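The following exercises are intended for a reader who meets this structure for the first time. Please study the sequence and the model before turning to the solutions.

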There are 2 protein chains.
Amino acid sequence: MNSQPHDAEQRAELRPDAEAAVARARFDERGLLPAIIQEEGTEQVLMLGWMDAEAMRRTLTEGRVTFWSRSRQEYWRKGDTSGHAQYVRGAALDCDGDTLLVRVHQVGAACHTGAHACFDVDPLTPALGGEGA
Amino acid sequence: MNSQPHDAEQRAELRPDAEAAVARARFDERGLLPAIIQEEGTEQVLMLGWMDAEAMRRTLTEGRVTFWSRSRQEYWRKGDTSGHAQYVRGAALDCDGDTLLVRVHQVGAACHTGAHACFDVDPLTPALGGEGA
């Protein structure tokens, strides 16, 4: 009678495309891949986090971004502590399947420093190149 | 009499800001950090590559993006073989210094498949989230 998925197994049955994506993703020797988080609309790159297969599965099936915290060795659903959730609006694997791009609607600041994006914190001043530069 | 930098040492002397950025970057246990490449203008995320300290130094000082190829174990200046150069237009480290974002002017296709971006190749169909979704 309950048509809502209520555990990971049921979600997997309901989303074979997510399971197939996790299966063809190439995780590194630690079992992780980098996930780039980009904000829908502004197109700003907000942060990079790490996912194992289960974090990727949850991200693709729950509508919220989940990372694997390398320092805390635990799953970390963005926003559960801070309220600054990342709602999934799209995703893609790259050409060799070892990086995930997730497009999100970001609630509040993505960065733990309070900056909107983690890349707002430390801008560099590289030598600029260009055709003819 | 020659005011142009012609080796890495001279470039480093001329760009102490680049050396300081390399010094505060946090490379992983392999001596690498992920570098996200974003296209100026379109704001599209083109690809993710890996840099060691020297690849980061070259990227910040030469106006062209250089990666460390994990598979070939060599430096790889994007475009030297393909002609599809990435000219540096900006860069930032993230809040904990372990990821680099490089904004570029991309000549031609960024992806070896011929796609403009590596993330154009394998779009996924995640469950979408949103406030109220």
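The exercises below concern a predicted model, and each is followed by a worked solution.

**Exercise 1. Describe the make-up of chain A.**

Solution. Begin with the secondary structure: chain A comes to 3 helices and 7 strands. Next, read the elements from the N terminus on, which gives the order α-α-β-β-α-β-β-β-β-β. Then consider burial: of the 133 residues in chain A, 40% are buried. Finally, take the contacts in chain A with a separation of 6 or more; 45% of these are between residues 24 or more positions apart.

**Exercise 2. Determine how helix 2 and helix 3 of chain A are arranged relative to each other.**

Solution. First locate the elements: helix 2 of chain A covers residues 16-24 and helix 3 of chain A covers residues 53-62. Their axes come within 10 Å and cross at roughly 150°. An angle over 145 degrees counts as roughly antiparallel. Helix 2 and helix 3 of chain A are therefore roughly antiparallel to each other. The crossing of these two helices is right-handed.

The next step is to identify the residues that meet. Helix 2 of chain A contributes A:A18, A:A21 and A:V22, while helix 3 of chain A contributes A:A53, A:M56, A:R57, A:L60 and A:T61. Sorted by class, the residues of this contact are 6 nonpolar, 1 polar and 1 charged.

**Exercise 3. Carry out the analysis for helix 2 and helix 3 of chain B, and state what helix 3 lies across.**

Solution. The axes of helix 2 and helix 3 of chain B are 10 Å apart, and the packing angle is about 150°. Helix 2 and helix 3 of chain B are therefore roughly antiparallel to each other. Their crossing is right-handed. B:A18, B:A21 and B:V22 of helix 2 of chain B make the contact with B:A53, B:M56, B:R57, B:L60 and B:T61 of helix 3 of chain B. These residues divide into 6 nonpolar, 1 polar and 1 charged. As for the strands, helix 3 of chain B lies across strand 2, strand 5 and strand 6 of chain B. With strand 2 of chain B, helix 3 of chain B makes an angle of about 130°.

**Exercise 4. Which strands form the open sheet, and in what order?**

Solution. The sheet has 5 strands in the order 7(A)-5(B)-6(B)-1(B)-2(B), with mixed pairing. At its edges are strand 7 of chain A and strand 2 of chain B, each of which pairs on one side only.

**Exercise 5. Characterise the side of chain B that touches chain A.**

Solution. Start with the extent of the contact: 47 residues of chain B are in contact with 46 residues of chain A. Several elements of chain B each supply at least two residues to this side, including helix 2, helix 3 and strand 1. Strand 5 of chain B gives the most, with 6 residues. Lastly, sort this side of chain B by class: 26 residues are nonpolar, 12 are polar and 9 are charged.

Methods
Residues numbered from 1 in each chain as written. Chains lettered and ligands numbered in written order. Predicted model: local features only at pLDDT ≥ 70, side-chain atom pairs only at ≥ 80, totals over all residues. Contact = placed C-beta atoms within 7 Å. Helix = DSSP H or I, 4+ residues; strand = E, 2+ residues; numbered from the N terminus. Nonpolar A, V, L, I, M, F, W, Y, C, P; charged D, E, K, R; others polar. Axes fitted to C-alpha atoms, helices over the stretch in contact; angles between N-to-C directions. Parallel < 35°, antiparallel > 145°, perpendicular 65-115°, else oblique. Left-handed = near helix turned anticlockwise from the far one by under 90°. Buried ≥ 20, exposed ≤ 12 C-beta atoms within 10 Å, placed from the backbone. Pairing = 2+ DSSP bridges.
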